[in-house]
Amino acid sequence: FFDSQVSKFFLNDGTTSQDISAYIVAQDGLPGERTLSNVTTFGSIGNRWHPSLQNSEFTLEAVYSEDATTGTDTIFGPVRTATSSRAFSYYPSGTTGKLYSGNCWMHNYVILSTVRSAGDTAVKARAMFRVDNGVTRT
């Protein structure tokens with residue numbers, strides 16, 4: 001097994017691929033869903049399926065930061081309003097392991113502030129993405 005502390009996530013901010021791993025608390029959704037088309041015909045005794053298109057979405061939850069070069073708001077803010085898709089690279093077991101990559105569009109960006117008497121009170125950010133043209137595994 002691998003400890004999540006070795007996971008790496010890179011997101012292109014429109015200029016360069018930024019390592020935002022130090023801010024990420026959770027990644028959920030990759031490599032993602034693949035649609036199966038129902039191809040059942042007369043004479044079948046059960047449903048028949050055929051692989052179709054990938055339909056991947058993923059969410060990043062991060063510690064909110066306004067650091068000038070790699071802060072989550074510094075990167076997520078402009079990616080949210082981008083007019084072209086942005087490249088991403090996700091290494092679940094570190095950069096020497098498997099790579100899940102592709103291009104994506106951010107469709108939601110939320111800053112979460114919660115008041116609590118105990119526990120985690122850090123301001124967080126949640127960014128939700130839709131993958132453009134599938135996820136590649138190498």
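Biologist: Which residue in β9 is the bridge partner of V63?

Modeller: The partner of V63 is K124 in β9. Strands here are DSSP runs of E with at least two residues, helices are runs of H or I with at least four residues, and both are numbered from the N terminus. Please note that this is a predicted model, in which local features need pLDDT of at least 70 and side-chain atom pairs count only at pLDDT 80 or more, while totals for chains, interfaces and linings use all residues. Residues are numbered from 1 along each chain as its sequence is written, and side-chain values use heavy atoms, without hydrogens or water.

Biologist: How many bridges are there between β6 and β9, and in which sense do they pair?

Modeller: Seven bridges connect β6 and β9, and the sense is antiparallel. Two strands count as paired if DSSP finds at least two bridges between them. β6 is also joined to β3, by four bridges and again antiparallel, with Q27 standing opposite L60 of β6.

Biologist: And which residues make up the covered face of β6?

Modeller: F58, L60 and A62 form the covered face, whereas E57, T59, E61 and V63 form the uncovered one. In a regular strand, side chains alternate between the two faces of the sheet.

Biologist: What is the strand order of the whole sheet?

Modeller: The order is β2-β1-β7-β8-β9-β6-β3, an open sheet of seven strands with antiparallel pairing. Its edges are β2 (17-19) and β3 (24-28), each of which pairs on one side only. On average, neighbouring strands are turned by 30 degrees against each other, direction ignored; the angles are taken between axes fitted to C-alpha atoms, for helices over the stretch in contact, and run from 0 to 180 degrees between N-to-C directions.

Biologist: Where does helix α1 lie?

Modeller: Helix α1, residues 72-80, lies across β1, β2, β6, β7, β8 and β9. The helix runs at about 105 degrees to β8. Contact means heavy atoms within 4.5 Å.

Biologist: Let us turn to β1. Is it enclosed or open, and why?

Modeller: β1 is largely enclosed by the rest of the structure, because four of its five residues are buried. Buried means under 20% relative accessible area, exposed means over 50%, and partly exposed is in between, for a 1.4 Å probe and protein chains only.

Biologist: How many bridges join β1 to β7?

Modeller: Four, between residues 8-12 of β1 and residues 86-91 of β7, and the two strands run antiparallel. L11 stands opposite F88 in β7, and F9 has Y90 as its bridge partner there.

Biologist: What about β1 and β2?

Modeller: Three bridges join these antiparallel strands, and L11 is partnered with Q18 in β2. Together β1 and β2 form a hairpin with four residues between them, and G14 in the turn has a positive phi of about 110 degrees.

Biologist: Which residues have the most contacts inside the largest nonpolar core?

Modeller: They are F9, L11, L30, F58, F76, F88 and F129, in a core of 22 residues. β1, β6, α1, β7, β8 and β9 each give two or more residues to this core, and the largest share, five residues, comes from β9. A nonpolar core is a set of buried Ala, Val, Leu, Ile, Met, Phe, Trp, Tyr and Cys residues joined through side-chain atoms within 4.5 Å. In soluble globular proteins, nonpolar side chains tend to be buried together.

Biologist: What does F88 touch, leaving aside neighbours within four places in sequence?

Modeller: F88 is in contact with F9, F10, L11, L30, F58, Y100, S101, G102, N103, C104, V131 and V135.

Biologist: And S89, buried or exposed?

Modeller: S89, which lies in β7, is buried, with a relative accessible area of 18%. Beyond neighbours within four places in sequence, its contacts are K8, F9, F10, L99, Y100 and S101.

Biologist: Finally, backbone geometry. Which residues does the cis peptide bond join?

Modeller: The cis bond joins L30 and P31, with omega of about 5 degrees. P31 is in the loop between β3 and β4 (34-38).

Biologist: What is the phi of N133?

Modeller: N133 has a positive phi of about 75 degrees although it is not a glycine. Most residues other than glycine have a negative phi, and most peptide bonds are trans. N133 is found in β9 and is exposed, with a relative accessible area of 77%.
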